[in-house]
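Hello,

Notes on what was found in it follow below.

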Amino acid sequence: MSTMNTMSTLDIGALARTLDAAATDRRAIDPLLPEHGFTLDEAYVIQHASIALRHLRGERPIGIKLGFTSRAKMLQMGVDSLIWGLLTDAMLYEEGGDIDLADFIHARAEPELCFLTRRDIDRPLTLIEAASYLDGVAPAIEIIDSRYRNFKFGLEDVVADNCSSAGLVVGAMNRLDRSMRNCGVHVRINGRAVQMGSTGAILGDPLRSVVHASRLAFGAGMVLPAGSLIMAGAATAAEALSPGMHVSLEIAGHGGVEFFTK
Ligand code: OOG
């Protein structure tokens, strides 16, 4: 006999509030799955319920993010399925600005590309179609901050936790250019190279993240409005942040992005 909770006994609202409170109080919690047992589909319902709490506080949706789109990230975290989360305007940090780590539990930074959509995405797109739905692409650093102690979780827990989403720093938008399929990625902390890779590490071609985003949004009955951001997922493993760091990302030929921690 299965010990798994069903939707009728699982208190989605309570789990969403627990995760939301951990984020707002900057307090790590134990993974929820062992005690509450939920499926991956239910984890997405918890995620959407916890983001609804942010919307009720006045945060605005700005797009979506993908996670585990590179081998480097799957290996680092021991999770090997593509996941997605929801972004709000409160997660946006100014490029070149200061980020106060007191706003996070145990923040990490990872190098990404961020796409800007120019048309509503309301159906699954092919790779050939994807480019015509985009206005541009920018180098971006995602700040992840798992609400779980020591960044330890399985697939269902990380999905319920909005895929560790906490912040994003987006650089200047470039016109879409197919050369960005395979460009050098350099993450530096205080000038020292700490992560190196290639944009090609993201699904073999980062534009595929837009294809996945279109399928996932469609599957969830969601339209991604024109002007949305799509964070493609990290090209390398994430780096733990501490105060006093100058963190920079350079995407060869496509500019960079930086911030300072305090
Ligand atoms: C989960 C989020 C993963 C990515 O880009 O792969 C992610 C985590 O590692 O905490 O955002």
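The ligand is surrounded by 14 residues, a residue counting as near a molecule if its C-beta atom, placed from the backbone, lies within 6 Å of it. The closest are Gly67, Lys73, Ser164, Gly233 and Ala234. Two or more residues of this shell come from each of α4 (71-77) and β6 (134-144); helices (H or I, at least four residues) and strands (E, at least two) are DSSP runs, numbered from the N terminus.

This is a predicted model: local features need pLDDT of at least 70, side-chain atom pairs count only at pLDDT 80 or more, and totals for chains, interfaces and linings use all residues. Residues are numbered from 1 along each chain as its sequence is written.

In helix α1, Leu15, Ala16, Leu19, Asp20, Ala22 and Ala23 are buried. Buried means that 20 or more other C-beta atoms lie within 10 Å of the residue's own, exposed that 12 or fewer do, and partly exposed is in between, with C-beta atoms placed from the backbone. The buried residues of α1 pack against α2 (33-36), α3 (40-56) and α6 (155-160), contact being C-beta atoms, placed from the backbone, within 7 Å. On the other side of α1, Ala14, Thr24 and Asp25 are exposed. Just after the helix, arginine 26 has a positive phi of about 55 degrees.

Glycine 63 lies in strand β1 (residues 61-67). Glycine 63 counts as buried because it has 23 C-beta neighbours inside 10 Å. Leaving out residues up to four places away in sequence, glycine 63 touches Leu87, Ser228, Leu229 and Ile230.

Regards

Methods:
Contact = placed C-beta atoms within 7 Å.
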